Structure formats: C-alpha cells, structure tokens
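Please look at the model below and follow the chain with me.

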Amino acid sequence: MPDTSPTRADALLAAATLGLVAVAVAADRPAPGGAALAVVVGAVLGGLVLCARRWPLPALVGTAVVILGYYALDLPPVGVAAPAAAVLYRVSERGRVVPATVVAGSLLAVSVAARLAEGDDIAVVVGAELGSEAALLLAVIALGDAVRNRRSLRAALVRQAVAADEERHREAARQVEAERLRIAREVHDTLGHTMSVITLQSAVAREALADSDPVQAEGALAAIRSVSGSAMAELRATLGTLRREPGPREPAPGFDQLPALVDGVRRSGLAVDLRVEGPVDTLPAVVGSTAYRVVQEALTNVLRHAEATRVTVTVRATPGRLALEVVDDGRGGPPAGRRDGTGQGLRGMAERVALLGGTVETGGTKATGGRATGSTGTTAATGTSGSGGFRVSVHLPLTGVAA
C-alpha cells in the first residue's frame, strides 16, 4: 500500500506555492489588507498541496475553488498555472491524470472568459498568456504521470526480481531433493543387490564347509569378495559426489557391465539366461545406466524373495525404444507384506524409469491384469502369490534422450 503521509517534497511544493503567490502579490503592490488576504489564500493553497498525497481529488477540487474565489475577491493577479501547478503535479502523480487535465482546462477556460469579459485584448490573452499557461499546466501533469509510471516500472522490476529469486530458491530445493532421491536409489540398489548376493553366497559357503567341499566354499567366498569390492567402489563414488571431492569419479554402472552383473548372480547358484537383441552399443549413457539398475533390482528381488531356480533377462533394442524383461520361475507375486507391489525397490525402479518418460509393468507370469502405461513410469502389480513366476517389463524411449 503506497505511503500517503506528507513528505519533505510535499512541504517544499507547498512552500513554493506560497512563495509564488507572495512574490506575485508583492510585485503588484496592493493595499495592506489585500496583500495579507492574498498571502492567506497562498497559505491555503500550500495546505492543499500537503493534502494532495492522501486526498488527491478533494485537494484538486479545493484548489480550483480557492483560485476562483481568489479572483472573485479581486486580489492581485497571479495566473492560474502557478498556484495550481503543485497540486496538479501531485494529483497526476497519484494516478488521477484525467481529473487533473479536466480541472486545468476548466481553470484556463474560466480565466480566458473572465479576462475577455473585462475587455482585455484577445490577441494578448489567447495568443500569449493562454499558450504559456496551458504549456505549464500540461508540463506538470505530464511530469507527475511520468514519475508515477517510472515508480510503477521500478516496483514491477523489484517484484520480478523477488519472484525470480524465489523461483531460483525453489529450483535449488527441487534439485537438492532430486539429488537426494538419486543418491538414495543408488545406495539402495547397490547395497540391496550386494547384501542379497552376500547372504546367498554365505549360505553356500557354510553348506560347502559343512560338506567338506573347499572348492565350492572358495568360490562362494570369491563371489562375496568380488561383489563387496564392486559395492565399495560404487559407494566411494557416491560419497565422493556428496563431499565434492576433487579428482576423477568412477563412472556409474552402464549397460556394458550387465554381463558382469549376470555372471555375479550366476555364481550365487541362480541360473540366469541373458538375451540381447538389436543394436545396444550406441545406447545413451543415461538409458544404459537405467537399464543396468532396473535389471539389478529385478535380480535382487528374485534372489531375496522369489525362491526361483531360473531367470530370463531379455533386452530388445529397436529404433526409438529399449525393452527390458526379467522373468523368473519362482513363487510369483510381490514379496510378502507388499501385496501392492510397491516396495522400496519397485518404487525406485519406477522413479528411474519415469525420469526418462518410460513405463514399468510388473506381475505374475500366469496372471492377467492391467498394463501400466504413460510417461510417468507407473508400476502396475498384476500378479498374485502363487501365480507361478514373476515378470518385470520396462520400456525406455531412446528418442529425445541425451547420449
């Protein structure tokens, strides 16, 4: 809300109005009583200038009435532009340009009519004095309007700057949240897969030692060592990103590491069949990384929950799309306690796929149900426990994705 209290500028304008009237009266050398009355009228006009900021229209009308009354009392002439200029400026500066223009025109018309009625030369009244008076009145009105427009523009620029700053803060917060979710997914995927393999291989090693089979036990321990080393490398890279440490970063796992991932799961005792169809050598890095994480999460869920003996991983690359399918022969359905299929792993999978505008479909291999479509990476759990296997199907677009 704009400030409506009189300011130092208003006081200066009021003093200037009083001074102009006083100078004009002194130059005319009127009688003492007329001079005193003229100064009083000048003071009233100055007071109206002080009121114009808070009450622009009443001050404008009051000024016009006082000027007309001044001349009705036959006081020394001071013109109409000089005593009205300050109020007209302030009124137009407050956004009342039309009323200011109407009042200024009315005062000029009354002044010209009165002087012509008194017998003044029309050439002098209209040709000289009217032009100068009109020019002064229009100038102060235009100045007031220009000041108002400039102030409005400055206020609009300030509002835009504040809005832009707030938007930058919101965008920074969104980026921080997105990075937090990305790191959470990376840690979940890395630790989830690693701990599943370690748990399974530890059981294999224990059984091998109990059966006095050092070769199998050594293989299980080697698998644990390998998957632990890979997990530590990924975690170090993630922590390095958080700490913003200098130096090279270990790249995120990509599609080229998918065979190694499958081999690690095979060493856990689960038969995995990997089928790759189509050109996959030119996949965008982000698509390859997402495909790796999707397969990793799917295989982790198989190891932890499915009680399966065989898994088939199928990758099909076609122009504009990459299709992934992971099918196991386990007990089917989502893990116990997660009948809606929305465990942390599946949610993270859906979030990854949604970032690329892909889709996810999950369900029992013998179940029939709905299909998750759209660009939000929705996960649809269509299977039920005991449906005989579980399937994860993902489609990732290749068009519009940076290489």
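Leu75 sits in the loop between α3 and α4. Helices here are DSSP runs of H or I with at least four residues, strands are E runs of at least two, and both are numbered from the N terminus. Leu75 counts as buried, at 9% relative accessibility. Buried means under 20% relative accessible area, exposed means over 50%, and partly exposed lies in between, using a 1.4 Å probe and protein chains only. Leu37 is 38 residues away along the chain, yet the two C-alpha atoms are 8.1 Å apart.

A word on the source. This is a predicted model, in which local features need pLDDT of at least 70 and side-chain atom pairs count only at pLDDT 80 or more, while totals for chains, interfaces and linings use all residues. Residues are numbered from 1 along each chain as its sequence is written, and side-chain values use heavy atoms, with hydrogens and water left out.

Now take the helices on either side of that loop. Helix α3 covers residues 56-72, and its axis lies 11 Å from that of α5, at an angle of about 5°. That makes α3 roughly parallel to α5. Axes are lines fitted to C-alpha atoms, for helices over the stretch in contact, and angles run from 0 to 180 degrees between N-to-C directions. Angles under 35 degrees count as roughly parallel, over 145 as roughly antiparallel, 65 to 115 as roughly perpendicular, and the rest as oblique. On the α3 side, Leu57, Leu60, Ala64, Ile67 and Leu68 make the contacts. They meet Pro99, Ala100, Val103, Leu107 and Val110 in α5. Contact means heavy atoms within 4.5 Å. An α-helix has 3.6 residues a turn, so residues three or four places apart point the same way.

Ser106 also lies in α5. Ser106 is partly exposed, at 39% relative accessibility.

Helix α8 spans residues 258-266, and its axis comes within 10 Å of the α9 axis, crossing at roughly 5°. α8 and α9 are therefore roughly parallel to each other. Leu258, Leu261 and Val265 in α8 meet Tyr292, Val295, Gln296, Leu299 and Leu303 in α9. Is α9 mostly covered or uncovered? Of its 22 residues, 18 are buried, so it is mostly covered. Just after α9, Glu307 takes a positive phi of about 55°.

Helix α10 (residues 344-355) holds Ala354. Ala354 is partly exposed, with a relative accessible area of 25%. Its C-alpha is 9.0 Å from that of Leu396, 42 residues away along the chain.

Finally, step back to the whole chain. It has 10 helices and 6 strands. Of its 403 residues, 40% count as buried. Among contacts between residues at least 6 apart in sequence, 70% join residues at least 24 apart.
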